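Please look over the sequence and the structure below before reading on. The paragraphs that follow lead from one part of the structure to the next.

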Amino acid sequence: MTESTDRSTASPVAPAEVGGLAPGGFEPLLLAVLSPAFGYALRLARNRADAEDLVQDASLLAFRAAHTFEPGTNFKAWFFQILTRCFYARHRRQQRRPTTVDLEDTPDLYLYSRSAAAGLPWEGEDPASLLIDRLGSERVEAAIEQLPEEYGTVCALYFTEDFAYHEIAAVLGIPVGTVRSRLHRGRKMLQKVLWHVAEEAGIVRDLAHREERP
Amino acid sequence: MSHLTRFTSEEAFRRLDDFLDREQSAAETELVHEHLEICAGCAREFRFEASVLRGVRAKLRQIEVTLPPGLRDRVLAALAAEGAR
């Protein structure tokens, strides 16, 4: 592979080009967030080839805009913001996700009330853990994929990247209040999808029987 | 704090998300805590919601994202070419 030649000795970032960052400061920051950025790009683009292009293009744009990054702030949030803009500059039309559950008017505490009604754990220190453990990572991820785009993206940034509301707002270029309301609705929708998936997979039935046993 | 300033269940529940996400003031957080200490029903609901968030977060973070072969190098090569311009 020739493209990595001399990478370790020759930083592409010259001191005068990186604004408030220390000389050579851009590259390590970027490399540290490249994997989560690819994961996020994959969620947005929904195929690996486009996600790769997106990460590469966003990296170049970020490099050119490095002087606008404020050291001490969250580099990952700053880079994700550039990546998001990059994506929407190419894909104006939002892709509707294949939702199989009617998510309109999902009530609060959906999993709580369903769990209680079905005889699943609903009390204790970590009452939802049994259900979510049985669902597993892949089903939970697939459940987020089923949410409408605007809710799924906010939920993904919230759950996987640990961004605060104001950071999600900056990444997506929307007001904090919109993040708050989308996250609120998105969580409710997610609970409904998770319950639906758990029912379909027979997990609800299994856990209810298990609870019935002495 | 006087009982006159305590949250009702409705007021506490309205702050559920902000409370769990630590997105509210220390004073509001304290008022929610006070309510949860005296209201078993709300405390159960809050615990359940916290458990869901914790569980979903943990599951999603178990998923490892692997960078496609060569992407890191292509990115660095693009930066190097840009820096050399």
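Nine residues of domain 1 of chain A are in contact with eight residues of domain 2 of chain A. This is a predicted model. On the side of domain 1 of chain A that touches domain 2 of chain A, helix H1 (26–45) and helix H3 (75–90) of chain A are the elements that give two or more residues. H3(A) gives the most to this side, with five residues. By class, the residues on this side of domain 1 of chain A are three nonpolar, four polar and two charged.

The next topic is the packing of helices in chain A. Two packed helices are described by the angle between their axes and the distance between the axes. Helix H5 (residues 129–145) of chain A packs with helix H8 (residues 176–200) of chain A at an angle of about 120°, and their axes are 10 Å apart. H5(A) and H8(A) are therefore oblique to each other. The crossing of H5(A) and H8(A) is right-handed. H5(A) makes the contact through A:Leu131, A:Leu135, A:Arg139, A:Ala143 and A:Ile144, while H8(A) brings A:Leu190, A:Val193, A:Leu194, A:Val197 and A:Ala198. Nine of the residues in this contact of H5(A) with H8(A) are nonpolar, none is polar and one is charged.

A second pair consists of helix H6 (residues 149–161) of chain A and helix H7 (residues 165–172) of chain A, which pack at an angle of about 130° with their axes 10 Å apart. H6(A) and H7(A) are therefore oblique to each other, and H6(A) crosses H7(A) in a right-handed way. From H6(A) the contact involves A:Thr153, A:Val154, A:Leu157 and A:Tyr158, and from H7(A) it involves A:Ile168, A:Val171 and A:Leu172. Sorted by class, the contact of H6(A) with H7(A) has six nonpolar residues, one polar residue and no charged residues.

The last topic is the contact between the chains. How many residues does the contact take from chain B and from chain A? Chain B provides 32 residues and chain A provides 43 residues. On the side of chain B that touches chain A, helix H4 (40–61) and helix H5 (71–84) of chain B each supply at least two residues. That side of chain B has 15 nonpolar, five polar and 12 charged residues.

Conventions: Residues are numbered from 1 along each chain as its sequence is written. Chains are lettered from A and ligands numbered from 1 in the order in which they are written. This is a predicted model: local features need pLDDT of at least 70, side-chain atom pairs count only at pLDDT 80 or more; totals for chains, interfaces and linings use all residues. Axes are lines fitted to C-alpha atoms, for helices over the stretch in contact, and angles run from 0 to 180 degrees between N-to-C directions. Helices (H or I, at least four residues) and strands (E, at least two) are DSSP runs, numbered from the N terminus. Angles under 35 degrees count as roughly parallel, over 145 as roughly antiparallel, 65 to 115 as roughly perpendicular and the rest as oblique. A crossing is left-handed if the near helix is turned anticlockwise from the far one by less than a right angle, and right-handed if clockwise. Two residues are in contact if their C-beta atoms, placed from the backbone, lie within 7 Å. Ala, Val, Leu, Ile, Met, Phe, Trp, Tyr, Cys and Pro count as nonpolar, Asp, Glu, Lys and Arg as charged, and the others, Gly among them, as polar.
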